[in-house]
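The reader may wish to keep the sequence and the coordinates in view throughout.

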Amino acid sequence: RYDRGGLAIMAEAPGAQEAATSKPLVGAAGRIFDALLYDAGIDRSEILILNRVKCRPPGNRLASAPGSVEACDEWLIAELKEYDPATVVVMGQTALSTVFGATSRVGATRGTTRATGPESPYGARVFVATYHPASLMPNRSPQNRPLVIDDLRLAVTRRQQSR
């Protein structure tokens, strides 16, 4: 039910469950993601979910696959052009670096937005930075969960303002 000009989520790369099902954010991080969407009042069926890197990296570590982000850039550009979301939530460092720059860090950037114009390879849209759901797992930083919910709500507000 995704509508052009809607809301998109850009995660990082497929994990084992995502690779097995060819669907983004369906494993353990996906369960956290679904709960985040619920708490933010977002229907998963109405958003576009993308991965910055399309293939599962060896050992599920992007650092072990240098060049994978650049190799997937044309694919990402084509997806953004095809679906044309007005607002994109970038979740995690790899997705964040796409438009906020390689030196940006999620902890310092989350909750902020960056608008790109038609001259950008990623098109004219608003990007919202936040943590990846995997970072909210109990053994990592679950205390950041309310921040991600706030960031998702910010994305909804920014999308509504762009209508």
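Predicted model: local features only at pLDDT ≥ 70, side-chain atom pairs only at ≥ 80, totals over all residues.

A residue is called buried when its relative accessible area is under 20%, exposed when that value is over 50%, and partly exposed in between. Arg125, at 6% relative accessibility, therefore counts as buried.

The chain as a whole comes first. Buried residues make up 50% of the 163 residues in the protein chain. The accessible surface comes to about 8200 Å², and 52% of that area belongs to carbon and sulfur atoms. The secondary structure consists of seven helices and five strands, which follow one another along the sequence in the pattern β-α-α-β-α-α-β-α-α-β-β-α. Among contacts between residues at least 6 apart in sequence, 67% join residues at least 24 apart.

Five strands form an open sheet of mixed pairing, in the order S2-S1-S3-S5-S4. S2 and S4 are the edge strands, each pairing on one side only. From one strand to the next, the twist averages 25°. Strands of a sheet pair through backbone hydrogen bonds, either parallel or antiparallel. Here S4 and S5 pair in the antiparallel sense, over four bridges, and Phe127 in S5 is the bridge partner of Arg114. Helix H7 packs on the sheet, where it touches S1, S3, S4 and S5, and the direction of H7 makes about 170° with that of S5.

Asn51 has its place in strand S2 and counts as buried because its relative accessibility is 11%. Leaving aside neighbours within four places in sequence, Asn51 is in contact with Ala11, Glu12, Ala13, Pro14 and Pro24. Gly117 lies in the loop between strand S4 (113-116) and S5. At 15% relative accessibility, Gly117 likewise counts as buried, and beyond its neighbours within four places in sequence it is in contact with Gly123 and Ala124.

The interior is the next topic. In soluble globular proteins, nonpolar side chains tend to be buried together. The largest nonpolar core in this model has 38 residues, and those with the most contacts inside it are Ile9, Phe33, Ile47, Val89, Val90, Phe127 and Leu152. Strand S1 (7-11), H2, S2, H4, S3, H5, S5 and H7 each supply at least two residues of this core.

Helix H5, one of the contributors to the core, spans residues 93-100 and is mostly covered, with six of its eight residues buried. The buried residues in H5 are Thr94, Ala95, Leu96, Thr98, Val99 and Phe100. Gly101 follows H5 and has a positive phi, near 100°.

The charged pairs complete the picture. Side chains of opposite charge can pair when their charged atoms come close. The structure holds five salt bridges. One of them joins the side chains of Asp34 and Arg44, with 2.6 Å from N to O. Asp34 belongs to helix H2 (residues 28-40) and Arg44 to the loop between H2 and strand S2 (48-51), 10 residues apart. Both are partly exposed, Asp34 at 35% relative accessibility and Arg44 at 26%.

Asp39 and Arg145 meet through their side chains at 2.8 Å, N to O. The pair links helix H2 with helix H7 (residues 145-161), across 106 residues of sequence. Asp39 is partly exposed, with a relative accessible area of 28%, and Arg145 is partly exposed at 27%.

Which residue does Arg125 meet in a salt bridge? The partner is Asp84, with an N to O distance of 3.3 Å. Asp84 lies in the loop between helix H4 (73-83) and strand S3 (87-91) and Arg125 in strand S5 (residues 125-130), so the pair ties together parts that are 41 residues apart in sequence. Asp84 is partly exposed at 30% relative accessibility, whereas Arg125 is buried at 6%. Arg4 joins these two in a network of salt bridges.

Key. Residues numbered from 1 in each chain as written. Heavy atoms only, no water. Salt bridge = Lys/Arg side-chain N within 4 Å of Asp/Glu carboxyl O. Buried < 20%, exposed > 50% of the residue type's maximum accessible area, 1.4 Å probe, protein only. Core = buried A, V, L, I, M, F, W, Y, C linked by side-chain atoms within 4.5 Å. Contact = heavy atoms within 4.5 Å. Areas by Shrake-Rupley, 256 points an atom, 1.4 Å probe, with all protein chains shown as cover. Pairing = 2+ DSSP bridges. Axes fitted to C-alpha atoms, helices over the stretch in contact; angles between N-to-C directions.
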